[in-house]
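Me: Please examine the structure shown below and answer a series of questions about it.

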Amino acid sequence: MLEEKIKRINELYHKSQDTGLTEAEKEEQAKLRYEYIQAIRNNLRGSLENISIQNPDGTITDLSEQRKMKMNIRRDH
């Protein structure tokens, strides 16, 4: 997420605490917060998919592969 958008989120927050927001500003704030949360989720998902775990038998599994296997099992049921 762009630094400008994060700055705008903070500006809107401070304005909401001081004088309140117009309806248009409330909508903008909600949209920006949603975008921010989506960016955080995508970053976390990307980080988790690059993690490998070592199983008790010594084999190594990528979390992304494990997630795909779980998704396939859910579809079959």
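Predicted model: local features only at pLDDT ≥ 70, side-chain atom pairs only at ≥ 80, totals over all residues.

Reply: Residues are numbered from 1 along each chain as its sequence is written, and side-chain values use heavy atoms, with hydrogens and water left out.

Me: What distance does helix H1 reach from its first C-alpha to its last?

Reply: Helices (H or I, at least four residues) and strands (E, at least two) are DSSP runs, numbered from the N terminus. Helix H1 covers residues 3-18, which is 16 residues. The expected span of a helix is 1.5 Å times one less than its number of residues. For H1 the expected value is 22 Å, and the model comes close to it, with a reach of 23 Å.

Me: Which residue with a positive phi follows H1?

Reply: The phi in question is near 95°. The residue that follows H1 with this value is Gly 20.

Me: How many salt bridges does the count come to?

Reply: A salt bridge is a side-chain nitrogen of Lys or Arg within 4 Å of a carboxyl oxygen of Asp or Glu. By this rule, the number of salt bridges is five.

Me: How far apart are the closest N and O atoms of Arg 8 and Glu 11?

Reply: Both residues lie in helix H1, three residues apart, or about one turn of the helix. Arg 8 is partly exposed at a relative accessible area of 27%, and Glu 11 is partly exposed at 38%; buried means under 20% relative accessible area, exposed over 50%, and partly exposed in between (1.4 Å probe, protein chains only). Their salt bridge has its closest N and O atoms at a separation of 3.3 Å.

Me: Which residue forms a salt bridge with Glu 25?

Reply: The closest N and O atoms of this salt bridge are 2.7 Å apart. The pair links distant parts of the chain, with Glu 25 in helix H2 (residues 23-49) and its partner in helix H1, 10 residues apart.

Me: Is Glu 25 buried or exposed?

Reply: Contact means heavy atoms within 4.5 Å. Leaving aside neighbours within four places in sequence, Glu 25 is in contact with Arg 8, Leu 12, Lys 15 and Gly 20. Because its relative accessible area is 13%, Glu 25 counts as buried.

Me: Which residue meets Glu 23 in a salt bridge?

Reply: The N to O distance is 3.5 Å. Both partners lie in helix H2, three residues apart.

Me: What accessible area do Tyr 36, Ile 37 and Ile 40 have together?

Reply: Patches are made of residues with over 30% relative accessible area and no salt bridge, with like charges joined within 9 Å and nonpolar side chains (Val, Leu, Ile, Met, Phe, Trp, Tyr) within 5 Å. Ile 37 belongs to helix H2 and is partly exposed, with a relative accessible area of 40%. By the Shrake-Rupley method with a 1.4 Å probe, for which only the protein chains shown count as cover, the accessible area of this nonpolar surface patch is about 260 Å².

Me: Which side chain makes a polar contact with the side chain of Thr 61?

Reply: Thr 61 lies in strand E2 (residues 60-62) and is buried, at 17% relative accessible area. A polar contact is a pair of N or O atoms within 3.5 Å; within protein, one must be able to donate a hydrogen and the other to accept it, and residues adjacent in sequence count only if both atoms are side-chain atoms. At 2.8 Å, the partner of Thr 61 is Asn 55.
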